[in-house]
Amino acid sequence: IRDFCLSRGLGDVYKRQVSTQSTGGHCLLMEQAVVNQTLLNQIYLQYYSSILGFSELGLYILVALIATIFYRKNLDKKSDGFAFFWYLTDALIHIFMEGRFVYLNLTKTVAKTDHWLAETWKEYGKADKRWLILEPSLISLELVTVLFVAPLCLYICRLIISKESFSVKRHFVQIVLCTCELYGGWITFAPEWLTGSENLATLSEPVLFWVYLVLMNIIWVVIPIILLVQSYRDLSKGFKLKRN
């Protein structure tokens, strides 16, 4: 094309053609960049709440892990390290995450709050719609969790690092606390199961069902049962020693 245009004195035509091709290439690149950026923004907005919630949860786990390492010399056995880590993580979640849920729903409800602090519960509300509104039974349960269960978690942490991990006091409080956790889980879901689970996500939404409803709640069933067994064994050993 270049030689043909130049041989006939059409150099300007060739230059315009090259300029047009170059401009067209730049436009295509810009359009592709805009599409890519739009796609990234959509992905970010879609998973923003999830990222925020799991990041917050990860922060509490990290704080509890650092504290466990810091107090490791005060721990009599490995099971005490696990218990300390669990109770501290549990306390942080109850105080900051669930405490925030109670505050938001008693003032404006999660669904009507635009602040980023409500995003975690808006995301969880996709799996259980009751957490978006002022649902009396849940609020009542969470008030007990924040005002009673969370302080008990911190109290057990104190007993564990104060060399009272084997004391009757620690295990009595632990039994009460684990019973509260199990009962709380039952009261949270039993009413929904008995009324058709209209507010809960279904198997057709696997992430909401298996991750949010099953995984994030069964932890508060399995670990309390493990700790109840621990208390039973330690108290049984204590009674045997006293009897002998």
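In which handedness of crossing does α6 pass α7? The crossing is left-handed, meaning that the near helix is turned anticlockwise from the far one by less than a right angle. This is a predicted model, in which local features need pLDDT of at least 70, side-chain atom pairs count only at pLDDT 80 or more, and totals for chains, interfaces and linings use all residues. Residues are numbered from 1 along each chain as its sequence is written, and side-chain values use heavy atoms, with hydrogens and water left out.

**Helices α6 and α7**
- Helix α6 (residues 168–194) packs against helix α7 (residues 206–243) at an angle of about 150°, and their axes lie 9 Å apart.
- α6 is therefore roughly antiparallel to α7 (an angle over 145 degrees).
- Residues in contact (heavy atoms within 4.5 Å) include Val168, Cys178 and Phe189 of α6, together with Leu213, Trp220 and Leu235 of α7.
- By class, this contact comprises 13 nonpolar, five polar and three charged residues.

**The largest nonpolar core**
- This core has 45 residues, of which Phe84 and Tyr87 touch the most other members; a nonpolar core is a set of buried Ala, Val, Leu, Ile, Met, Phe, Trp, Tyr and Cys residues joined through side-chain atoms within 4.5 Å.
- Helix α3 provides the largest share, twelve residues.
- Beyond neighbours within four places in sequence, the contacts of Tyr87 include Cys153, Ile160, Cys178 and Leu227.

**Thr89**
- Thr89 lies in helix α3 (residues 78–107).
- Its relative accessible area is 6%, so Thr89 is buried (under 20%).
- Not counting residues up to four places away in sequence, Thr89 touches Tyr60, Ile61 and Ala64.

Note on methods
Axes fitted to C-alpha atoms, helices over the stretch in contact; angles between N-to-C directions. Helix = DSSP H or I, 4+ residues; strand = E, 2+ residues; numbered from the N terminus. Parallel < 35°, antiparallel > 145°, perpendicular 65-115°, else oblique. Nonpolar A, V, L, I, M, F, W, Y, C, P; charged D, E, K, R; others polar. Buried < 20%, exposed > 50% of the residue type's maximum accessible area, 1.4 Å probe, protein only.
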